[in-house]
2 protein chains.
Amino acid sequence: MRQPLHERIRSDFEARILSGELAPGDRLPIEQELMQHYGCARMTVNKALSALLSAGLIDRRKRAGTFVARPRMHSMVLDVPDLPSQIRERGQAYAYEPIGHRLRPPAPGRDEEVQLADDGDLFELEGLHLADGIPLALEYRLISVLAVPDIGDATDIEAISPGSWLLKHVPWTEAETRISALEATTEEARLLRIPQRSACLCVERRTWRSSDRITYVRQLFVGNSYDLVARFGATR
Amino acid sequence: MRQPLHERIRSDFEARILSGELAPGDRLPIEQELMQHYGCARMTVNKALSALLSAGLIDRRKRAGTFVARPRMHSMVLDVPDLPSQIRERGQAYAYEPIGHRLRPPAPGRDEEVQLADDGDLFELEGLHLADGIPLALEYRLISVLAVPDIGDATDIEAISPGSWLLKHVPWTEAETRISALEATTEEARLLRIPQRSACLCVERRTWRSSDRITYVRQLFVGNSYDLVARFGATR
DNA sequence: CAGTGGTCTAGACCACTGA
DNA sequence: CAGTGGTCTAGACCACTGA
């Protein structure tokens, strides 16, 4: 069995939908008809259609049947960059250069910090990501001490970069990334060794584990030396 | 049956993996054991584990068993912006202001254009996306005439914005988006009505249908008035 | 070569919902 | 109320691969 039958059924309909032969709103055969057409059991047909359903290509309604889904707002997969491995993949040497860190309470006025701290303290870190000794990104990070109690004992966090340390030690379930372009301030430009007001890519990320907030990070990338890439591809 | 059994099994293990109770590399019970534990048939267990497999939380190897997957490079879902609807959702009036369009052959030296054209011509479009009459983005687009033969008759393409027109008329299967920050040139700044060398968010996208290239687009967003947002969430 | 997962069968009962 | 999909059962044969 080179190609499982359920996979063949799935890709048959995927092709017919993507080619436009089956247009949005068109009705697909019912499971009984597909069983006869492919000469198989209902579970096999059902497995194929379940895959199309979770890929968003079809809608299924009891009693009504199965229909080609209306074209939705498409979405793509954005890789969350782990800078150390990304830089090493480019054949460059990675280094994290700490600028400073401290333990402090959240600033009373700042909702962002108060929510993150959740009655505990915040661990604040700032540092540079270097590729072959040249600054690539300036990182400012806040970590909730209640959510990550090990943080106090983590003597290695600045040795391997805070992001990699967290990824390795703290599982997360939800995250939001916000991407924008802005001009570097005088201080940011000095640290990144670029001209003042240079265009930078700003990546902000908030991370949760269930409903607990874990960390906030803001990474400022030198504009002409870093791209984010997102891809959309047919399933499998 | 409020919650299907396969869904309960799936979420049980999802929770145990995300909480860290089951660490990467740990072995899960074999299907026979899970059948006994949950008192169900093997297909039910299999459906739950298949969902965890496609979510990337586990690895399965014949003869060896089922294991918690090593934490992978996480990825997030980036919504591909349909500017007209996005702007209207913000309660602003959307308008597309054409700057120009023409039919031309690909420039011989430019691989990008030659590949996109594929022995045909290119339809080139430039225009502004306006929110409440203020320029939000400058768009430069190339469309393969062979891939989209209807383009010649499309008198409405500039009325509803080229991106929306394509989304509606041409199904696509693959796309790549590249995001960077750069400084507006003199001409770009003039069209966007911003100071020269202002920071802009540059979004480039290449789109395919199967192996045919459909379009290349470059959108330059005014830096301080547009953010891209990507999200990662637990499945379902 | 034996344990494990991959796939499939031929049924079943039920929930939902639109004709 | 009848058609459709959602879920589940209790088996089966096989492919793969690591002990």
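A crossing of two helices is called left-handed if the near helix is turned anticlockwise from the far one by less than a right angle, and right-handed if clockwise. By that rule, H1(A) passes H3(A) in a right-handed crossing. The model here is predicted, so local features need pLDDT of at least 70 and side-chain atom pairs count only at pLDDT 80 or more, while totals for chains, interfaces and linings use all residues. Residues are numbered from 1 along each chain as its sequence is written, chains are lettered from A and ligands numbered from 1 in the order in which they are written, and side-chain values use heavy atoms, with hydrogens and water left out.

Helices (H or I, at least four residues) and strands (E, at least two) are DSSP runs, numbered from the N terminus. The axes of H1 (residues 5-19) of chain A and H3(A) come within 8 Å and cross at roughly 45°; axes are lines fitted to C-alpha atoms, for helices over the stretch in contact, and angles run from 0 to 180 degrees between N-to-C directions. Angles under 35 degrees count as roughly parallel, over 145 as roughly antiparallel, 65 to 115 as roughly perpendicular and the rest as oblique. H1(A) and H3(A) are therefore oblique to each other. In their contact (heavy atoms within 4.5 Å), residues of H1(A) including A:Leu5, A:Ile9 and A:Phe13 meet residues of H3(A), among them A:Val45, A:Ala48 and A:Leu52.

Now for the DNA. A residue is near a strand if one of its heavy atoms lies within 4 Å of it. Around DNA strand D there are 27 residues, and A:Arg42, B:Leu5, B:Ala41, B:Thr44 and B:Arg63 come nearest. H3(B) gives the most to this surface, with 4 residues.
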